[in-house]
Amino acid sequence: MRIFLDTANLDEIAEAAGWGVIAGVTTNPSLVAKEKGRSFPDLIAGITALVSGPVSAEVMALERDGMIREARELHRIAPNVVIKLPMTAEGLRAGRVLSIEGIPTNMTLVFSVGQGLLAALSGATYVSPFVGRLDDVGHAGMEVVADLVRIFQVHRLPTQVIAASIRHPQHVVEAARAGAHIATVPFGVLRQLVQHPLTDLGIARFLADSKHAQPK
Ligand code: G3P
């Protein structure tokens with residue numbers, strides 16, 4: 001499984017890229033709105049300058065032609081820009097055209113196995129089931145991830161599953177166990193994954209012990 005960073009913050013992306021663990025970035029309009037002072041295209045250009053892997057940027061139009069227009073403009077910024085489309089009939093229609101044009105897509109706001117299957121059949125490169133938001137309303141979000149992974153394998157569909165709306169480190173581990181191709185992770189969760197209190201305690205003990213070591 002690969003890890004993408006779910007943020008539009010350039011400092012977080014630069015930091016995580018330095019750790020060598022992220023293979024791409026996903027953004028959404030809410031994350032972009034937090035980054036004041038830069039236009040959306042400028043922000044996406046900044047992200048693609050830091051990350052050579054896939055960078056998802058979401059369209060705002062709700063009908064096919066507007067989505068396609070925005071998608072072409074965004075993809076012109078850099079070849080690794082992936083177009084995030086909402087899981088609607090119009091999103092499917094736009095995705096179909098973009099896949100024929102060779103523009104990669106990420107079908108977002110997926111909350112059911114059926115939606116994910118349709119996204120794959122329409123030619124989506126990635127499909128993003130929202131695990132945390134499903135958990136929030138009492139559904140087992142990770143089951144949607146596991147089912148989609150299994151169905152895509154059985155039917156040899158090339159679409160990759162991105163476990164999205166990740167809320168805590170255990171979600172990342174469960175996504176890997178479920179066979180997700182990718183988990184897209186907020187920076188705070190990535191930092192939590194790095195840390196363990198026993199690691200901190202171990203370092204403190206080694207340091208303390210080394211001070212009492214006999215001189216050679
Ligand atoms: O980027 C899509 C998804 O990861 C959003 O997560 O935490 O807003 O449900 P969240």
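Does V194 count as buried or exposed, and what is its relative accessibility?

A: V194 counts as exposed, because its relative accessibility is 55% (buried means under 20% relative accessible area, exposed over 50%, and partly exposed in between, with a 1.4 Å probe and protein chains only). This is a predicted model, in which local features need pLDDT of at least 70 and side-chain atom pairs count only at pLDDT 80 or more, while totals for chains, interfaces and linings use all residues. Residues are numbered from 1 along each chain as its sequence is written, and side-chain values use heavy atoms, with hydrogens and water left out.

V194 belongs to helix α10, which covers residues 187–194 (helices, H or I of at least four residues, and strands, E of at least two, are DSSP runs numbered from the N terminus). Together with W19 and V21, V194 makes up a nonpolar patch on the surface, and the three residues have about 270 Å² of accessible area together. Such a patch joins nonpolar side chains (Val, Leu, Ile, Met, Phe, Trp, Tyr) within 5 Å, or like charges within 9 Å, from residues with over 30% relative accessible area and no salt bridge. Accessible areas come from the Shrake-Rupley method with a 1.4 Å probe, and for residues only the protein chains shown count as cover.

The chain contains 11 helices and eight strands, and its C-alpha trace spans about 75 × 40 × 30 Å along the principal axes. Its accessible surface comes to about 11,000 Å², with 57% belonging to carbon and sulfur atoms.

H75 sits in helix α4 (residues 64–77) and is buried, because its relative accessible area is 19%. Apart from neighbours within four places in sequence, H75 is in contact with V81, I83, I103 and P104 (contact means heavy atoms within 4.5 Å). For the chain as a whole, 56% of the contacts between residues at least 6 apart in sequence join residues at least 24 apart.

The structure also holds six salt bridges (each a side-chain nitrogen of Lys or Arg within 4 Å of a carboxyl oxygen of Asp or Glu). One of them pairs R167 with D136, with the closest N and O atoms 2.9 Å apart. R167 lies in the loop between β7 (160–163) and α9 (169–177) and D136 in helix α7 (residues 131–136), so this pair ties together parts that are 31 residues apart in sequence. R167 is partly exposed at 38% relative accessible area, whereas D136 counts as exposed at 55% relative accessibility.

Another salt bridge joins R150 and D147 at 3.3 Å, N to O. Both residues lie in helix α8 (residues 141–154), and they are three residues apart, about one turn of the helix. R150 is partly exposed, with a relative accessible area of 47%, and D147 counts as partly exposed at 27% relative accessibility.

R64 and D65 form a salt bridge as well, their closest N and O atoms being 3.0 Å apart. R64 is partly exposed because its relative accessible area is 27%, and D65 is partly exposed because its relative accessible area is 41%.
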